[in-house]
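Have a look at the model first.

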Amino acid sequence: MRVRLRVNGSWVEVDVEPHETLLNVLRDRLRIRSVKYGCGIGECGSCTVLLNGRPVTSCLVLAAGLDGTSIETADYLAKTELGTRIVNALLLEGAIQCGYCIPGFLVTIYAALKSGMIRRGDSTEIARAISGNICRCTGYINIVKAVRRVVAELVAIGAD
Ligand code: FES
Ligand code: FES
């Protein structure tokens, strides 16, 4: 069946199989390789994208039901002002090693900051926000530091 999706600001039409996931469509049909295949069962968060502004694990979403929806991926969000801040903070805090998990973290952190799920930047708040994302390399400490850095920057510029 054919679905029409707004992907990273542009409308596209894609023919999808009934069993096909959003992850498949983004990676294999649209060649957006920032969306990572990790576990395929909703456990690792590496495939996280925004669906109508909310983070979802795209490996668990069937594309056939998405006609008319809006999808944003990490590579697109990384070019926004907030996304650039997050990427820079991750780099400055040494929070990236192999990098495989980072697109998913970027989307999750972006959504949590936008929605107010992360507001104060304390450990509990950040841990809750990123609990659906797994990183095998960093041990999370530097990722949490990076989020705190972004929160401090946003406070300093008076952003809501
Ligand atoms: S690949 Fe989707 S949550 Fe792991
Ligand atoms: S940096 Fe390697 S999995 Fe996170």
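At what angle do α4 and α6 pack, and how far apart are their axes? The angle is about 35°, and the axes lie 12 Å apart. α4 passes α6 in a right-handed crossing. On the α4 side, the contact (heavy atoms within 4.5 Å) is made by Phe105, Ile109 and Leu113, and α6 brings Ile143, Val147, Val150, Val151 and Leu154. Sorted by class, this contact has eight nonpolar, no polar and no charged residues.

Please keep in mind that this is a predicted model, in which local features need pLDDT of at least 70, side-chain atom pairs count only at pLDDT 80 or more, and totals for chains, interfaces and linings use all residues. Residues are numbered from 1 along each chain as its sequence is written, and side-chain values use heavy atoms, leaving out hydrogens and water.

Now follow α4 itself. Helix α4 covers residues 102-115, and its 14 residues reach 20 Å from first C-alpha to last, close to the 20 Å expected at 1.5 Å a residue (1.5 Å times one less than the number of residues). Just after α4, Gly116 takes a positive phi of about 90°.

Methods
Chains lettered and ligands numbered in written order. Helix = DSSP H or I, 4+ residues; strand = E, 2+ residues; numbered from the N terminus. Axes fitted to C-alpha atoms, helices over the stretch in contact; angles between N-to-C directions. Left-handed = near helix turned anticlockwise from the far one by under 90°. Nonpolar A, V, L, I, M, F, W, Y, C, P; charged D, E, K, R; others polar.
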